[in-house]
Structure formats: structure tokens, C-alpha cells
Amino acid sequence: MKKLLYIISAALMVSACHFLDFDETSSLYDRDDMYSTYSNIQKMLTNIYGYMPSKDIADVSSALRDCGSDDAEYADPDASVQRFTNGNWSPVQTVDDKWSLYNAVRASNEFLESMETVDISLYKYDAKYSKWLEHLALYPYEARTLRAYYLFELARRYGDIAMPVDVMLSVAEANSIGKTPFNDVIAYIAEECDTCANHLPDTYIGMLDDEYGRVTRGFAMAVKTKALLYAASPLHNPGGDVDKWREAGKAAGAVMDLKSDNGMPVYTLDPAEKANNITPSQETILQIMRSESNSFERTNFPSRFTMGQRTYMAGTFPTQNLVDAFQTAAGYDITLDGTGWHTDDPAFDVTKPYDGRDPRFARAVLADGMAFKGSAIDAKVGGADYSATREGLGTPTGYYLRRYIIEDCDFTPEAEISAKHSWIVSRYAEIVLSYAEAVNEVLGPDATDADFPISARAALNQVRANAGMPDVTVSGKDDFRKAVQREWRVEFAFEDHRFWDVRRWKIGQDTQTSVSGVEITSNGAVKSYKRTLVENRTWDDKMYLYPIPQSELFCNPNLGPQNDGWQ
């Protein structure tokens, strides 16, 4: 965010058993100080933004959560992300524990309560006073939308959750409240987002300081859409209640219909890459700006380009499972097995399997022969980017990560180059695919009605056309559902969707038991490709939800019962 850069979490972060306790003694300022000036109030709001979950397990140099799905493997076999895939996690040994997001809920509640008595009239003669008041009027709705988003992040991990909202609670009260059913949590989120969307602007450009990276009307509506989509999905809708799908589709359609004051669409699909755009595209609904760094590149560049800076096993490596999801540019499936590549595309050259693919492939995956930093990736056996062992800092799958990598970063001694990264939280293509998925469940791929004037097929093909791919022509609700699920996977590769989609669709048993890679050998100029097993993995249906941390159950027995299978 351009201006929202201040974090004062020291005043708010507290121990797990006291996540709603406000401790003014840990800060140089008391609450009255922090709400006495516009600048300090802005910092308090920024603190709430600061809890936004990353797409990785710990920080931007750690394993992407995709390594806990069939899309990727992490280099270090002992990294915490491996617990998702080897079964070695539990209520005591948690992974990606975001129970700390209750600190964000608590911070939002404290902010909203304090804003009720804010008075900065002492500064009414300041030239910016009227603009400050305009912004202060929006701040509660930003905080409420963020609180709804954090509740969603908790609910998609844990299912039924405690929901301490609207009032400040004492420590004893906070640690005695029980869980709210998932569907009630989603209903609350949807209602909050509706209220906030009616007050938030479409953009802050043209307002005080031209800020971006802040919560807008579109983001509030996008959070509602995502929450309702999860509520409609098989994990939380085992009976296939069509009304839930209809509500999710209507929420997505409302975002698609969103118009600015000049009558133009607020959001449109953008054929350009959205990751790491310093100036957001019209497809971006919310992104998080990071300061200049090259730690992500140090972890994920092919090792020879780090100039010896990476001396440890690290990196997110795409799997052959993911690569097989990318069709040829003509829209044909292509898969690899022990005998080589197979496709019905008559124009595809299987001796150059990474050419002529869905254009999104090259944005997500760095494969053998692709250009990178003035060189060509050489992942064949014995090549410059190959290693027979993980310890050799090569790739365990035969592929490297491309998404979110900034190629201009450099590790030349005394001439290192860093860059600013931007992480996509929400973009318009997600809305369009949500619409396509929901409408197919209600009407099938081609029908329309008063709620859905655009068919599911037309919506899905908008996303494909934007990527330069031909239309999907499969018929029938079931086959079209599979096409939509493929589109989610390739459109949002490494944008933190696959891990969650596997769970909401309840397809873990079919997809999460093994991951594969590619072995490339050469005989002169001719290369041969063979599918190889990288890892057998453990899947148990209890993993559709996270376990409630045992430490929290000790503090508050009313959070029980523990999620199914984790007892």
C-alpha cells in the first residue's frame, strides 16, 4: 500500500489464550493518543491491514502453500509444509496456524469501538481537514470488511469458529465463547460485506493521497462471493443445495455488473500478467504491495542464478501433475507417462513439449529450454539446472517456479538487485470463474434465466479468450464442472487457490496421494521425456479442515468438539 505502511502491532499482539485482551502497557501511547490525530488513526487502521495472510506458510521466502497440494513440491523434505502431505500434523503440531487472526478480529473491534468517539476538530483549520473527515467516514467500513475477510480465512481453515464480533470482550468472556456454525459465519460475512459495499468507493485514486491497496466496494463484494462459493461447494454443501449455488452465482454476477460513475465497468479481464504489477490492472481487485526484496528470488531462482547465495534446500517446484493441466494452445489435452507425451493435437510437436502450450503455462512454470536471464534452462539429466539429489540445489520435479519471480533481481556480488513485489489477493477472473462454476450447478453449462443472463459456458470462455485459449466445447454438467475446475487450476496457478479448491471440492482422495516430475535425457539433439514419481503422499479426509489448536481448547473448552478425525 502506498501510504498505509505503519504497523503498531506491538500494542495489539497478545498471547494465544488472551487474543482479545488490549494491553496499553505494551505501547508508548494509550488509546486516546492513538485516536487523537488523523495520522495515528490511519496507523491503527493499517495495523488491521497488516494481518492479511500471505500465500505461503511463514513469510515471502518460505514455502508457498501450493506445496501442500499436488501442484508443487518443496525442496526441503523436513520443511513444515511437508506435514500437509506426509500426515504429520495434529492439534498439537499444527501447520499454517492462523488462529492468530483473532488478533485481527480483536484489532478491528477495538478500532470500530474507538472510532465512535473520534474527534479531530482541533485540526479543523488544517487545509486537509475536510479530506481527513471524508476518509475517516470510510475507515469503519474498511475495518468491517477486513474483519469479514479474516473471519472467512478462519472459517475456511477450521469450519465452525468462534465469532467474537461487534462488542469488545473481556479476557474471560473471550475465552468462554463457543463456536458458531459455518453457515451462520458465512451469512454474517455476506451481510457485513453488503453493508460495507454500499459505503465504500470503487477506487481511492483522486482522493486524498491517491492511495491504492485499500479495501473497496469491489473487494467487499468479492469477499461475499468467495464466502458464498465455499458455502455452496461440496465440503459445506454435501446435499447439493442449489439455492446456495444460486446465491453464490448472484453475488458474482453483481460484481460483473458493477459500473463506475461514468457507466464503464469497474473491472475487466486483462490479458497482461497481473502479478508484480506496481500499478494495478483493471482486473486487480486487491493486491498487497511489498517493499523491495530479492529473498523470494533467492529461494526460487534456479540455483546457478543466485551466485552461491542459496546454500540450503529451498524452493517451490511445480509438478508434472500441474503441467498436465495445461492444454496445448489449440485446446487439446496433453499428458506425460513413462513412454513420453500424448496428445490428439495434430499440430503439436511432442519433441518440443513446452512450446505451443496454453500461454499461461509460461507465466507459471519455468521449464527446460525456456529463456531466463539471458540463458536457457537446462534441466535434462546432467544439465546446468539438474541435480540428482535435493541437496544439489536442483529441482526435484524437473521444473522451476515462474509465477511471482522477478527476473531482473540479481545476486552478483556487490551489485545485488532487489525489486518490489505485489501479491494478488483478489482479481476479476476469480469472479467470472465463480459465476461459471455456480451457474453450471444451477442451470448447466448453456441455459440462462432472469438471475443469470450470461451462461456458464460464456463466462468460462471469457476467461479462456482473455488468455488466448479457444472455447471449451464439452457438454453436460459433469464434464463442464471438470473444465471449470481445470480453469481454476491453470488460471490461478500459485495464487493460493489449488490448496483450498481441493478441499472445498472434496477431491483430496483422487488428487493428493502422489506427485510426479519429469526426467529429461538427451541423445545428441534429441531429448526424451519420462514421467517419474517424486513422492507418495498421505491423504486423510480429516484434512479437509484444519484441527483446532489444542492450546486453544485448553484455554477454552467451549471451542469443542475438535474437528472430525483430529481427536
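Start your tour by selecting serine 176: setting aside neighbours within four places in sequence, this residue is in contact with Asn556 and Asn558. Contact here means heavy atoms within 4.5 Å. Before going on, know that this is a predicted model, where local features need pLDDT of at least 70 and side-chain atom pairs count only at pLDDT 80 or more, while totals for chains, interfaces and linings use all residues. Residues are numbered from 1 along each chain as its sequence is written, and side-chain values use heavy atoms, with hydrogens and water left out.

**Stop 1: around serine 176**

Stay on serine 176, which sits in the loop between α6 (171-174) and α7 (182-197). Helices (H or I, at least four residues) and strands (E, at least two) are DSSP runs, numbered from the N terminus.

Now show the side chain of serine 176, which reaches the backbone oxygen of glutamate 173 at 3.0 Å.

**Stop 2**

Next, select α8, residues 217-232. Its 16 residues should span 22 Å at 1.5 Å a residue, and the end C-alpha atoms are 23 Å apart, which agrees. The expected span is 1.5 Å times one less than the number of residues. This helix is mostly covered, with 15 of its 16 residues buried.

Bring α7 back into view. Two packed helices are described by the angle between their axes and the distance between the axes. The axes of α7 and α8 come within 8 Å and cross at roughly 160°, which makes α7 roughly antiparallel to α8. Axes are lines fitted to C-alpha atoms, for helices over the stretch in contact, and angles run from 0 to 180 degrees between N-to-C directions. Under 35 degrees counts as roughly parallel, over 145 as roughly antiparallel, 65 to 115 as roughly perpendicular and the rest as oblique. The crossing of α7 and α8 is left-handed, that is, the near helix is turned anticlockwise from the far one by less than a right angle.

To see who meets whom, colour Phe182, Ile186 and Ile189, among the α7 residues in the contact, and Met221, Val223 and Leu228, among those of α8.

**Stop 3: α9**

Move along to α9, residues 242-256. Its 15 residues reach 21 Å from first C-alpha to last, close to the 21 Å expected at 1.5 Å a residue. Among its buried residues are Trp245, Arg246, Val255 and Met256. The buried residues of α9 pack against α8 and α13 (428-443). At the N-terminal end of α9, look for the cap: a side-chain oxygen of aspartate 241 lies 2.9 Å from the backbone nitrogen of aspartate 243.

**Stop 4: α2 and α5**

Select residues 38-49 for α2 and 129-158 for α5; their axes are 10 Å apart and pack at an angle of about 15°. The two helices are therefore roughly parallel. On the α2 side the contact includes Tyr38, Leu45 and Tyr49, and on the α5 side it includes Trp132, Tyr139 and Tyr150.

**Stop 5**

Find glutamate 487 in α15 (residues 477-491). Its relative accessibility is 1%, so it counts as buried. The side chains of glutamate 487 and arginine 360 are joined by a polar contact of 2.7 Å. A polar contact is a pair of N or O atoms within 3.5 Å; within protein, one must be able to donate a hydrogen and the other to accept it, and residues adjacent in sequence count only if both atoms are side-chain atoms.

Then go to arginine 537, in the loop between β12 (526-536) and α18. It is buried too, at 8% relative accessibility, and its side chain reaches the backbone oxygen of alanine 72 at 3.0 Å.

Most residues other than glycine have a negative phi, and most peptide bonds are trans. Select aspartate 96, which has a positive phi of about 55° although it is not a glycine. Aspartate 496 has a positive phi as well, about 70°. Finish at glycine 560 and proline 561, joined by a cis peptide bond with omega about 0°.

Conventions
Buried means under 20% relative accessible area, exposed over 50%, partly exposed in between (1.4 Å probe, protein chains only).
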